[in-house]
Amino acid sequence: TPMFAAGHPNTSTLVYTTITGFAGITNLLQGIADFAITFVAPAPQHYNSGKTIQLLPLFVLPVVIGYNLPNAVGSLTLSPELLASIWAGNVTRWSDPALAALNPGLSLPNVPIRVLIRAGDSGATSILTTALNKLSPRWAARFGVFFTPQGFAGSRTNLTQCKDDPTMASTILGTPYSMGYLSLNVAVTRAVTFAQLQNQHGVSTSPAAAAIQTDLDNTEFDSHFTADVIGLPGLTTYPILGMTYALVDNRSLALNCTNAPTVLKFLIWALTETSARGAALGVGYVPLPLSVAVESVLVLLRSRCGGRVLGQGLLLSGGGPSEGNALMNSLAWTYSALNPGVLLSLRQETPQDWLSDLLSKQVELSVVSVDPTDADFATAAAAGMPLAQF
């Protein structure tokens, strides 16, 4: 958010509070927050809460297995079944033959594995157990998917709980022979060593953004804009991935509609701006394909606040340094990036110019937000001009 504020000095102040994704969903539903960022999609009942809940996928976030193996030379490799066995309590020591078989070049001491889990409701726990449920039949038969520490009941007796990812990182770093799970962005920023994971093809993988993005290009999103990104089919794709969503009330994008333009601008910036996508990539998030980002932008333009569609009243085809021009620039940049060799140049004009420019053939396309009952539409239709509305 400081990066956004620096580039948008004339917008309202955006205050982001770091809490769990579950608390963020609750705050949105209770009217405490304008929007929420969450790793976990809302439950079906949330869509019937009286609010028009809309998910907007922002980034993919790998969850990694951090570890502290003193004097180790080389990287640790784990498989989904071995990972399940460790958290289920079947593999308890670093010298276990199953660990040694996957790591013949590592010196593994005969000491207990100090296993760490997240305390409270945790998106990281949900992502980990969703992956184990899909990739390990033995885990699926015994534990399934959960997001609280109670789900680990009956597994091990020596589990250490960490309240959040930064605590998990510091505990791993300060506890020899420990192992825990945390988001890649925290592992990268806190310099936590993390394991390579075998995927369903038996290939040892690291959470490389390029392989993940290639797979995401063919990922299908459902009617709520969610997608299953666990165990993507690519040969070298990392297997434990979660989606980071922005969660908004599509009927009222902000609690106070004077803040709606800032919420709109921030989310479009996060989705499409090169600096935002690059910054996210630099700390372990994987930006979604631009085709998905465009869909999210269009959803945002159709969202409402105070009964008004936020795309209305915005001059999408120009108008100098207006909000609308910034939105149109985002869309034009995104389209050009998706279609190499196509250059879209934005013309600065006023709302009154769109029809005359089209009729005089000064422009080939005008994108404008006006009332469809405007007399100019009738004039354009009478001139045989094709019109498309969204």
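Here are some notes on the predicted model, going from the whole chain down to single elements.

1. Ground rules. Residues are numbered from 1 along each chain as its sequence is written, and side-chain values use heavy atoms, with hydrogens and water left out. Because this is a predicted model, local features need pLDDT of at least 70 and side-chain atom pairs count only at pLDDT 80 or more, while totals for chains, interfaces and linings use all residues.

2. Overall picture. The protein has 15 helices and 12 strands (DSSP runs numbered from the N terminus: H or I of at least four residues for helices, E of at least two for strands). Of its 390 residues, 50% count as buried, meaning under 20% relative accessible area with a 1.4 Å probe and protein chains only; exposed is over 50%, and partly exposed is in between. The accessible surface comes to about 17800 Å², with 54% of that belonging to carbon and sulfur atoms (Shrake-Rupley method, 1.4 Å probe; for residues, only the protein chains shown count as cover). Among contacts between residues at least 6 apart in sequence, 67% join residues at least 24 apart (a contact means heavy atoms within 4.5 Å).

3. Partners of β6. Strands pair if DSSP finds at least two bridges between them. β2 and β6 run antiparallel and are joined by five bridges, with V64 partnered by L182 in β6. β4 (residues 114–118) runs parallel to β6, with two bridges; V115 stands opposite M179 there.

4. The β3-β7-β8 sheet. This one is open, with three strands in that order and mixed pairing. β3 (77–78) and β8 (204–205) stand at the edges with a single partner strand each, so one side of each is left without a neighbour in the sheet. β7 (residues 196–198) and β8 run antiparallel through two bridges, and L197 has T205 in β8 as its bridge partner.

5. Helix α3. Eight of the nine residues of α3 (residues 80–88) are buried, so this helix is largely enclosed by the rest of the structure. The buried ones are P80, L82, L83, A84, S85, I86, W87 and A88. Next comes G89, with a positive phi near 95 degrees.

6. Helix α12. The 13 residues of α12 (residues 290–302) should span 18 Å at 1.5 Å a residue, and the end C-alpha atoms are 19 Å apart, which agrees; the expected span is 1.5 Å times one less than the number of residues. Its buried residues are L290, V292, A293, V294, S296, V297, V299, L300 and L301.

7. Aromatics. The structure holds nine aromatic pairs (rings of Phe, Tyr and Trp, the last by its six-membered ring, with centres within 6.5 Å; planes under 30 degrees apart are stacked, over 60 edge-to-face, the rest tilted). One of them is F59 with Y285, tilted, at 5.7 Å centre to centre and 55 degrees between the planes. F59 lies in β2 (residues 53–67) and Y285 in the loop between α11 (274–282) and β10 (286–287), so the pair ties together parts 226 residues apart in sequence. F59 counts as buried at 11% relative accessibility, and Y285 does too at 18%. Elsewhere, W139, F143, F146 and F152 form one aromatic cluster.
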